[in-house]
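Visitor: Hi! Could you walk me through this one?
Guide: Happy to, here it is.
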Amino acid sequence: MIKTKASLLAFGATAISLWAQHSLAQGNNDDTQIVTANRFAQPVSSVLASTTVVTREEIDRWQSKNLVEIMRRLPGVDIAQSGGIGQNASMYVRGSEARHTLVLIDGVPMAKPGVTGVADFNQIPVSIIQRIEFIRGPRSAVYGADAIGGVINVITQDNENNNNLTVGAGSKGYQEYSGAINQNISDATRVTVAGAYQATNGFNVQPDSSYSLDSDRDGWRNKSFWAGVEHQFDDTLSGFFRGYGYSANADYDSGYASGSDEQQIYNHTYDTGLRYSKDDFASQLVASYQKYKVFNYASTEGRYDAATSSLDDMEQRNLQWGNTLRVGQGMVSVGLDWKQQKLTSAGTSFSTAQRESNDYKQDNTGAYVTAQQQIGTVTMEGAVRGDDTDDFGRHGTWQTAIGWEFVPDYRATLSYGTAFQAPTLGQLYGQKRLDIASNPDLRPEKSKQWEAGLEGLTGPVSWRVTAYHNQIDNLIDYATDSNTFEGGYYNVKAATLKGVELNGEFDTGRVHHQITLGYLDARRDADDEVLARRAKQQAKYQVGVNVHDVDVDVIYQYFGKRYDNNTSEYFATQRRLPAYSTVDFAVSYPVTSHLTVRGRIANLFDKDYETAYGYQTPGREYYLNGSYNF
């Protein structure tokens with residue numbers, strides 16, 4: 001058993017660490033192991049980028065119902081959502097576009113079948129999440145495209161034996177059922193099986209819509225199943241295989257006659273890999289296959305109605321080969337990534353009223369080197385990467401950072417990095433069903449970002465203040481011809497994102513405090529106009545306390561005013577959304593050593609606000625669940 005755990009931790013020194021040590025503290029001296037920053041295992045205290053780690057214990061204490069609720073709590077994150085649970089959501093990290101954040105599941109990029117390139121967070125049930133590593137700032141030199149704003153690595157594995165059943169209910173017909181078995185069946189073999197069901201009747205997210213079908217409730221239902229096996233062949237070689245299935249049905253508002261108002265998603269993912277570890281060297285080879293089908297249709301006509309239904313059918317294949325070597329007081333990681341995307345998009349064109357279809361295929365190969373070295377009180381790191389894509393040719397990115405602990409427990413950091421965002425297949429080649437024309441001259445978005453930080457441990461307070469400046473060129477935008485209704489994506493001039501983050505945490509007796517303050521100035525360079533759906537100010541204050549075995553969690557969140565849109569051919573002025581604040585209250589109590597009962601009130605004071613114009617938010621909601629561990 002000891003050898004098995006040691007090998008699994010050594011495996012974490014490569015591209016994916018699924019069995020890292022757990023800790024709730026994230027202070028200056030934290031030794032929690034993470035891998036997302038540089039693709040090798042390192043204590044979070046040695047990471048020079050702005051980093052947040054969320055554990056399973058925290059997710060349970062917060063009683064978050066989906067990934068959106070988890071991420072909303074974290075520094076630098078702003079969410080715009082078209083309603084409640086299960087509805088479309090866009091996440092803006094440090095003011096970057098929603099498509100500018102790379103989402104990984106166990107280190108493998110999540111497929112994004114839509115034309116916008118925005119990840120669907122609803123496809124990651126919170127019940128299977130064991131850990132989240134969130135890196136803010138550019139990471140294209142480590143992972144390639146999509147990592148302009150940052151990287152979210154959702155980890156579904158844990159090396160602790162933990163079997164559980166959970167049943168819950170809540171407002172608006174909410175219900176949840178989940179169960180998991182994580183068990184070593186021998187000293188060399190570990191099995192994981194998990195399943196979950198989650199549903200809500202929802203509410204009318206767009207009550208002012210004039211389209212009659214939009215007057216109903218907009219609910220959401222999903223089912224997921226996860227199974228995997230890991231085996232230690234000998235002291236140096238181990239392997240794994242896992243499969244993941246997900247299906248969901250979401251009701252939404254179309255906003256116009258003959259539009260679709262229902263969506264069904266089917267996702268199947270299979271991963272397998274081998275890992276080798278001996279002394280200071282480790283190597284891992286991972287293969288992944290993802291299959292997504294997304295149907296949109298009018299609920300009155302059915303999924304197979306030729307006039308109103310559409311289908312995005314996507315396959316994504318990934319190969320990752322990562323190698324790490326301990327050198328001196330640091331690590332070096334060298335690896336290759338290969339990704340292939342195939343997409344079939346079919347539906348009825350607005351302009352021709354005919355059934356149209358597009359087939360796409362794109363391959364990308366990337367090679368990277370990352371390194372970190374500590375010399376006395378100075379830590380230096382760097383990364384360089386080259387990507388070769390079918391449509392754009394070769395594209396290089398790099399980043400470097402330095403940290404200096406000038407006195408014990410106080411460190412200054414300075415970093416610079418480049419990043420890029422590749423156009424989606426639909427943006428580049430067009431989509432006939434949406435009357436989007438192809439643009440073979442569409443270029444990747446490019447980013448150059450500076451970041452300076454100062455962190456320390458002052459008495460009981462662990463804190464970090466960070467200032468950043470991000471210049472993004474070749475931003476991708478969309479325009480349409482008002483006569484032909486044919487549109488297309490094109491590159492526009494730059495945008496500049498500037499901001500400051502302040503994070504701190506400390507204890508006062510039994511009470512744990514976490515504070516996040518953020519200021520953002522995100523503007524288009526051409527006309528100095530503020531970018532849409534980004535709050536200029538945000539404040540998040542979380543309090544946790546344990547009294548007589550009762551855990552209480554309270555979070556206050558404030559988001560300043562922002563605009564719902566940018567001026568364009570469609571909007572002559574910007575529509576303002578007012579500032580808002582919410583308070584969530586959660587409590588849990590262990591009835592026995594195996595049974596825990598949890599309750600939560602979201603939006604305690606029933607604040608009325610919108611994060612997307614015209615779309616209502618849920619108001620006050622109540623949740624109750626019980627979890628049995630065995």
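Guide: A term to begin with: two strands pair if DSSP finds at least two bridges between them. Strands (E, at least two residues) are DSSP runs, numbered from the N terminus. This is a predicted model, where local features need pLDDT of at least 70, side-chain atom pairs count only at pLDDT 80 or more, and totals for chains, interfaces and linings use all residues. Residues are numbered from 1 along each chain as its sequence is written, and side-chain values use heavy atoms, leaving out hydrogens and water.
Visitor: Thanks! How many bridges join E26 to strand E27?
Guide: Five, and E26 runs antiparallel to strand E27 (residues 487-491). Ala-479 faces Gly-488 of E27 there.
Visitor: And what sheet is that part of?
Guide: An open, mixed sheet of three strands, ordered E23-E27-E26. Strand E23 (436-437) and strand E26 (476-480) are its edges, each pairing on one side only.
Visitor: Which strands stand at the edges of the five-strand sheet?
Guide: That open sheet, also mixed, has the order E3-E8-E9-E6-E7. Strand E3 (50-55) and strand E7 (108-109) each have a single partner strand, so one side of each lacks a neighbour in the sheet.
Visitor: How many bridges join strand E6 to E7?
Guide: Two; strand E6 (residues 101-105) and E7 run antiparallel. Leu-104 has Pro-109 in E7 as its bridge partner.
Visitor: New topic: where is Tyr-628 found?
Guide: In strand E36 (residues 621-629).
Visitor: Why does Tyr-628 count as partly exposed?
Guide: Because its relative accessibility is 37%, and partly exposed lies between buried (under 20% relative accessible area) and exposed (over 50%), using a 1.4 Å probe and protein chains only.

How values were computed: Helices (H or I, at least four residues) and strands (E, at least two) are DSSP runs, numbered from the N terminus.
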